[in-house]
Amino acid sequence: MTQDGFLSLLALLLAAVSFLPASRRLHLRATLRRSLSVSIPAFLLVLYFEWYEAFHLPCPAIFGDTCRKVDMTMASPFGPQDAALAVVLVWAAIMGLLYRRDAVGPASLVALHAIAGDLARVRDYATLVDLVESHLDLIDRAADRRLSRQRHYDWWARRRLAPPPDFRIPFDLDVATEASVELGWRTKLDNGWATVCSWGRRTSGVPGLLLPSGRMIEQSARGLRSLFLSDVGLRRYLVSERPAFGARLMTCPGYEAGDFAFRFLSDLAADTESSLYREIERTGGWDHWRPRVLDGNYPVLGILLHDARVANDLSAYRPLAEHFISRLRADNDRAYVASINLRPDRLWDEVGKHHDPGFAIPVFFDLMVTAAAFQNVRSHMWLMYADHFVDAILRVHDETGPGIDPDAEWPTRGSEILYHIVSALVAWIQLIEGLPDGNWHLTIEFDRIDGDGRIPKSAIVSLARVTQAILLAPNVGQRFKSYVVEIVTRCVKTLPDSGDRAAFRETLVRALSGEAAISRESDFVTAAWSAYQSIDYMLRAGTPDFEAALKAAVRPPRIVMPFAPAVESAIKSITTDL
């Protein structure tokens, strides 16, 4: 390779660098130290061979005839210019291997931190994410001192700081004679052993003094992670453009990640065009008979539900549920409250409801709770938020608007949301038929009707409370109330009435007939009995236990007449005895 050819090659390389994306150029800048460690020796070696005639070093005479073989001239078959070309080729191959393997190492994190800070200040978030996305694992390991160099240094440091050993000789001698005691042999041996142990402890820490501590790398990695988790502009950019990166940040350790996860999920819920809503729509709901694998096509749901313990640890249900409940307050979002009281139409069914938090967030709960049940996660995943959803909807529910048909299956959009919440609770109870033997959620405390952390049992309690709220709501039509009772009656019918899992059916019957977890109010039991009598008789024939429990719980109506106080008190005592 001639000098002109080498200069031309350098010019081409510089021109090629100018065409690289900004993230790749910054990548080269962050790894400049590693690049220079290879490039400077190679560059000097190329210059040496290019100017070999003027600067070549004489071969030591000690090598004898070998010098004659390695000495190059312009007329040699393998001349200096050929050697320069060979160096350039090897140089290019080494650089290619470095960057194919990913040249960002622990030592590059200091420079990467400085570059990331500059990009965040100018709000070039796209370049920032492209630059660091593939290095999050390295950043986490460096921030938590899990790199090899950090662990080795810490191990030696612990040896240096370890408490002194017990300076007693580890074996016993026969010192029973008075002479040996007077001579103090035992004391001398103990002192000698103490000296050996002290010297060994001091010298064992010497190698640790020669190792790098990695403190600067640790500080840079923690600074990078804090930047990702605290920058408000970056979080908003991730919500709309790079949700996969944001979902990955939620799994970082520490309280900052928990706060970021809450805000990130809240922002996703607030943006009805976000990746969260699109992913929920693509799932089509959960298959309650076998677990579903959420792969890389679901960047947010995959992080949260591939291992449902992540969603449980992050309390992922809380920001989504609280967002939905807040939207159902007229003083917060009057337009949304008005929208759920509209009549469902085809556009709503095909498009609108998939971008409505009232539909999407209960579906998310269905996905999350079902995943936790199949994965044997020991948590009810706060499925009792269903109670709060129903209460919030009923507070603003209105079936008196124009075009509303009270006798329709779903008079309003809010009615359809109530239906899906009730259906989800029923599906979580029916999981007992699909969960394998030995699953933690299949055990039940029969004597207590309250949530005990297990999903089917908690769903039973929540279904009873939701049913009571709907049946006692004055702003819900009788047709829809009967529809809800029909759904829960079908649930009772599908549960086994014998065997190990029959306790779930009996517990559900007891809860729906007003026992324990919900107050045994005569108004509720009367409303449930009235709605039960209006459903199909064939369905009632399959639930004699439910019918008997309701009939036994019905109380005679309270007599209210304008009697004198003494007479009214006597009537009250008689009706109480009855």
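Reply: Contact means heavy atoms within 4.5 Å. This is a predicted model, in which local features need pLDDT of at least 70 and side-chain atom pairs count only at pLDDT 80 or more, while totals for chains, interfaces and linings use all residues. Residues are numbered from 1 along each chain as its sequence is written, and side-chain values use heavy atoms, with hydrogens and water left out.

Me: Which residues is Ile455 in contact with, leaving aside its neighbours within four places in sequence?
Reply: They are Val369, Ala372, Ala373, Ser379, His380, Leu383, Trp428, Leu431 and His441. Ile455 itself belongs to helix H27 (residues 455–471).

Me: Why is Ile455 called buried?
Reply: Buried means under 20% relative accessible area (exposed is over 50%, partly exposed in between, with a 1.4 Å probe and protein chains only). Ile455 has 0% relative accessibility, so the residue counts as buried.

Me: What makes Ser513 buried?
Reply: Its relative accessible area is 6%, and therefore Ser513 is buried. Ser513 is placed in the loop between H29 and helix H30 (522–533).

Me: Why is H28 called roughly antiparallel to H29?
Reply: Angles under 35 degrees count as roughly parallel, over 145 as roughly antiparallel, 65 to 115 as roughly perpendicular and the rest as oblique. The axes of H28 (residues 478–494) and H29 (residues 502–512) cross at roughly 155° and come within 9 Å. H28 is therefore roughly antiparallel to H29.

Me: Which residues make that contact?
Reply: H28 contributes Val488, Cys491, Val492 and Lys493, and H29 contributes Arg505, Leu508, Val509 and Leu512.

Terms used. Axes fitted to C-alpha atoms, helices over the stretch in contact; angles between N-to-C directions. Helix = DSSP H or I, 4+ residues; strand = E, 2+ residues; numbered from the N terminus.
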